Amino acid sequence: MKNTEAALAAFDSYNQQDPRTFTYNGVTFPQEYFLAQKLNEWILILQPIASVELLLASKCQHIGRWEIPRDKYPHGREGYLKWRKELANFHVNKALSILREVGFDETVCYRVKQIILKHRIKHDQEVQMMENALCLVFLQYQFEDFLSTQSTEKMINILRKCLLKMDAKGHQYALSLNLSTNSETVLAKALEELAVLNG
């Protein structure tokens with residue numbers, strides 16, 4: 001238990017170094033710290049009795065994300081995929097370094113790594129739960145602002161890809177979110193297109 005508390009505190013401390021900020025309800029937070037708290041909250045909603053490994057992963061899924069910015073990589077899909085791969089490896093290495101420092105063994109480290117890298121999504125229940133939580137955080141806290149910068153057609157496409165990674169339980173929670181009328185319309189359209197693609 002002490003190891004878990006120490007790891008969670010270390011993850012929070014690291015993410016509080018994020019120079020980017022996120023303002024919510026008039027309060028400003030280091031962005032990655034705020035998003036990690038909300039990811040952890042969603043995990044506990046989806047799975048009130050979550051495993052230690054899943055709770056740990058929720059606080060370090062995107063640890064230090066600001067240190068590898070997207071604009072350091074070429075534009076286009078190839079540059080994006082390279083960025084995502086190197087970013088994921090960075091998250092794993094940073095998280096596992098902290099876990100080892102506070103005394104976790106390699107069994108726990110390996111499981112947290114599996115969740116961070118989303119191994120066997122759609123087949124591993126905890127990995128799927130993490131994907132649901134990630135998408136729900138995006139929808140609840142980032143989607144509205146993102147929607148104002150993109151065309152409706154592009155946002156429907158982005159959202160459809162996000163929803164495709166979720167399962168039915170995740171979709172139910174997505175539909176329960178308190179979104180603007182415009183956002184609800186885009187979400188409904190994306191779900192409709194997804195249903196057509198799934199036959």
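Accessible areas here come from the Shrake-Rupley method with a 1.4 Å probe, and for residues only the protein chains shown count as cover. This is a predicted model, in which local features need pLDDT of at least 70 and side-chain atom pairs count only at pLDDT 80 or more, while totals for chains, interfaces and linings use all residues. Residues are numbered from 1 along each chain as its sequence is written, and side-chain values use heavy atoms, with hydrogens and water left out.

**View 1. The whole chain, to get your bearings.**
The accessible surface of the chain comes to about 10900 Å², and 52% of that belongs to carbon and sulfur atoms. Nine helices and two strands make up the elements of the chain; helices (H or I, at least four residues) and strands (E, at least two) are DSSP runs, numbered from the N terminus. Starting at the N terminus, their order is α-β-β-α-α-α-α-α-α-α-α. The radius of gyration is 17 Å, close to the 16 Å that the globule rule gives for 199 residues, so the chain is as compact as a globular protein of that length. That radius is taken over C-alpha atoms, and the globule rule is 2.2 Å times the number of residues to the power 0.38. Along the principal axes, the C-alpha atoms fill a box of roughly 50 × 40 × 35 Å. Of the 199 residues, 46% count as buried; buried means under 20% relative accessible area, exposed over 50%, and partly exposed in between (1.4 Å probe, protein chains only). Contact means heavy atoms within 4.5 Å. Among contacts between residues at least 6 apart in sequence, 65% join residues at least 24 apart.

**View 2**
Two strands pair if DSSP finds at least two bridges between them. Look for Tyr24, which stands opposite Val27 in E2. Two residues lie between the strands of this hairpin, and Asn25 in the turn has a positive phi of about 55°.

**View 3. Asp18, Arg20 and Glu32.**
These residues are linked in a network of salt bridges. A salt bridge is a side-chain nitrogen of Lys or Arg within 4 Å of a carboxyl oxygen of Asp or Glu, and the structure holds nine of them. In the one between Arg20 and Asp18, the closest N and O atoms are 2.8 Å apart. Arg20 counts as partly exposed because its relative accessibility is 29%, whereas Asp18 is buried at 5%.

**View 4. Lys38 and Glu41 in helix H2.**
Lys38 forms a salt bridge with Glu41, and their closest N and O atoms are 3.4 Å apart. Why are Lys38 and Glu41 separated by about one helical turn? They are three residues apart in helix H2 (residues 31–46). Lys38 is buried, with a relative accessible area of 14%, while Glu41 counts as partly exposed at 37%.

**View 5. Val137 in helix H6.**
Helix H6 (residues 125–147) is where you will find Val137. Is Val137 buried or exposed? With a relative accessible area of 5%, Val137 is buried. Leaving aside neighbours within four places in sequence, Val137 is in contact with Leu35, Lys38, Leu39, Trp42 and Gln142. Val137 and Ile63 are 74 residues apart in sequence, and their C-alpha atoms are 15 Å apart in space.

**View 6. Arg111 in helix H5.**
Arg111 is found in helix H5 (residues 106–116) and counts as buried, at 18% relative accessibility. Which residues does Arg111 touch, not counting those up to four places away in sequence? They are Glu53, Asp124 and Glu126. The side chains of Arg111 and Glu126 are also joined by a polar contact of 3.0 Å. A polar contact is a pair of N or O atoms within 3.5 Å; within protein, one must be able to donate a hydrogen and the other to accept it, and residues adjacent in sequence count only if both atoms are side-chain atoms.

**View 7. Glu106 and Arg100.**
Glu106 forms a salt bridge with Arg100, with the closest N and O atoms 2.8 Å apart. Glu106 is partly exposed, with a relative accessible area of 46%, and Arg100 is partly exposed at 42%.
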